[in-house]
Amino acid sequence: MKKILLMLTVFVCMTGMARSQDNPPASLGYSPSSYYTFSWNTTFSIGDFNKWVGNASPAGFDIGGRYFIKGGLAAGFNISWQRIGQTYEHETYYGTSGQALTATNYRFTWMVPFTGVIAYHLMADKTVSPYVSLGIGGDYMEHHLLIQEYDIYKTRWDFSLTPEIGALIKFGNFAQWGAIVAFNYKWTTNQIDLYNDREIKNLQMLDLKVGVALTIR
Amino acid sequence: MKTKLLILIAFGWLAFTSCSKYPPASSRVAEDLAIYTQVDVNTDFNNYKTFSMPNTIVYIDGKDTSTLNNSNATVLLNRIALDMKNRGFEQIANTGKPDFGFNVTAIKTTTTTVYSPGWYYGYPGYYPWGYPSYGYPYYPTYISSYSAGTVIIDLVDLKNVVNNTIMVRWNAFIRGLVTNMHTQTEITNSVDQAFKQTPSLITTPVTK
């Protein structure tokens, strides 16, 4: 009895596979001509940047657009804004002209990254389309050291590289709306030189992006 | 479709407004003791060997001045003297021509004051070292508002008086120190920290 059931199961599966190869169903989906994303970012500082602010920060958002050029190859842009900060108790800040201040410090960096992106989507017509991309661009960053009523800060522009992996997930084969989930590593030429006794160079971070996507046929 | 777009725009606006540049005030302004010091980086403190201490702390309340003589004042003055001795300076009497003198001031209430050379002109009669004016070899910190209980410690150069002006070589502001909310241990720790963050304020003791 068990053997019969096993053979029947194998037969049903094989029949199904053969059928799907012979007659692909009409509901495979579509390849979008472009899509736009709006996502919520969580940033994790790494490297020297982690010495400035060790906390991960969920205070960030990103707007992106991709335009398919050929097959799964797409080009586009991303503009984001992000704040990452942390409180440090009883820290001493040494200024450049003989000043020193010991108090609770609140350090934060506010950044506006903007990148041009080249992406390659695998299975662009499927419901779930994984992709790899490389963003090349820059950032506007403000590094602030808030010590009570004092606000010591510097602004910096930089060059950045952002390799990313992610997936565009449509809410159905023919749905225009979907979700985007992505993870990227970012390297920048930005630096923090607010302190007299330390310098933080080449800020690096990891970003987790989760958001909504609007695809255009 | 329109509804979805409106939802997206509303979500975007919410995100934009919630992601302001500055963090909320609750996470940045901690009402704790803040110790600020400024030192004349061009002064070689090894050229100075002696200092003298005042007996009281000047207490400023608006435009009125008085003196503070309580146990906290004594602890504060004694600790400054101890830290100076630990840095190699010798304490002598006011009449013994010390190289350095101290002005120690406490602010009674939150007030708006401009701190710059000549600041003491606003407080007639407050010239404890007998000179009509004070000067700064460095650009002094401009503080527009003192918190209640802030202590200001000025280290004045009595060795090199120029045109009846004595120069401030080091000063410290300790926010909120004499509000009666802090223990005497906190007072001594704060004074110690002010010295600790000024490593150049040291001399080689005179061998006798």
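The secondary structure of chain A comprises two helices and eight strands. Here helices (H or I, at least four residues) and strands (E, at least two) are DSSP runs, numbered from the N terminus. The model is predicted: local features need pLDDT of at least 70, side-chain atom pairs count only at pLDDT 80 or more, and totals for chains, interfaces and linings use all residues. Residues are numbered from 1 along each chain as its sequence is written, while chains are lettered from A and ligands numbered from 1 in the order in which they are written.

Along the sequence, chain A follows the pattern α-β-α-β-β-β-β-β-β-β. Of its 217 residues, 34% count as buried. A residue is buried if 20 or more other C-beta atoms lie within 10 Å of its own, exposed if 12 or fewer, and partly exposed in between, with C-beta atoms placed from the backbone. Contacts were also counted. Two residues are in contact if their C-beta atoms, placed from the backbone, lie within 7 Å. Among contacts in chain A between residues at least 6 apart in sequence, 61% join residues at least 24 apart.

Strand pairing in chain A was examined next. Two strands pair if DSSP finds at least two bridges between them. Strand E5 (residues 128-147) of chain A runs antiparallel to strand E6 (residues 150-170) of chain A, and 20 bridges join them. Within this pair, Leu145(A) stands opposite Ile152(A) in E6(A). E6(A) also pairs in the antiparallel sense with strand E7 (residues 177-188) of chain A, over nine bridges. There, Ile169(A) has Ala179(A) in E7(A) as its bridge partner. The hairpin of E6(A) and E7(A) has six residues between the strands, and in it Gly172(A) takes a positive phi near 130°.

Leu161(A) lies in strand E6 of chain A. Leu161(A) counts as partly exposed because it has 14 C-beta neighbours inside 10 Å. Beyond its neighbours within four places in sequence, Leu161(A) is in contact with Ile136(A) and Trp187(A). Leu161(A) and Tyr185(A) are 24 residues apart in sequence; their C-alpha atoms are 8.3 Å apart in space.

A positive phi also occurs at Met123(A), a residue other than glycine, with a value near 50°. Met123(A) sits in the loop between strand E4 (99-121) and E5 of chain A. Met123(A) is partly exposed, because 16 C-beta neighbours lie inside 10 Å.

Chain B has three helices and 11 strands. Its pattern along the sequence is α-β-β-β-β-α-β-β-β-β-β-β-β-α. Of the 208 residues of chain B, 35% count as buried. Of the contacts in chain B with a separation of 6 or more, 79% are between residues 24 or more positions apart.

Helix H3 (residues 184-196) of chain B has 13 residues. From its first C-alpha to its last, H3(B) reaches 18 Å, close to the 18 Å expected at 1.5 Å a residue. The expected span is 1.5 Å times one less than the number of residues. Buried residues of H3(B) are Ile187(B), Ser190(B), Val191(B), Ala194(B) and Phe195(B). They lie on the same side of H3(B), because they cover an arc of only 140° around the axis. The arc is that of the directions from the helix axis to the C-beta atoms. Their cover includes strand E1 (35-39), helix H2 (71-86), strand E10 (151-162) and strand E11 (165-174) of chain B.

A nonpolar core is a set of buried Ala, Val, Leu, Ile, Met, Phe, Trp, Tyr and Cys residues joined through C-beta atoms within 7 Å. The largest nonpolar core has 62 residues, and those with the most contacts inside it are Ile35(B), Leu76(B) and Val151(B). Apart from this core lies another, of eight residues, among them Ala74(A), Ala119(A), Leu168(A) and Ala182(A). Leaving aside neighbours within four places in sequence, Leu76(B) is in contact with Ile57(B), Val104(B), Val151(B), Ile187(B) and Val191(B).

Lys97(B), a residue other than glycine, has a positive phi near 55°. Lys97(B) is placed in the loop between E5 and strand E6 (100-107) of chain B. With 11 other C-beta atoms within 10 Å, Lys97(B) is exposed.

The model scores ipTM 0.76 and pTM 0.68. pLDDT is the predictor's confidence in each residue, from 0 to 100. Chain B has a mean pLDDT of 77, and 66% of its residues reach 70 or more. In chain B, confidence is highest in strand E5 (residues 90-91), at a mean of 96, and lowest in strand E7 (residues 111-112), at 48. Over residues 112-127 of chain B, pLDDT stays under 50. For these residues the model has 24 contacts beyond four places in sequence.
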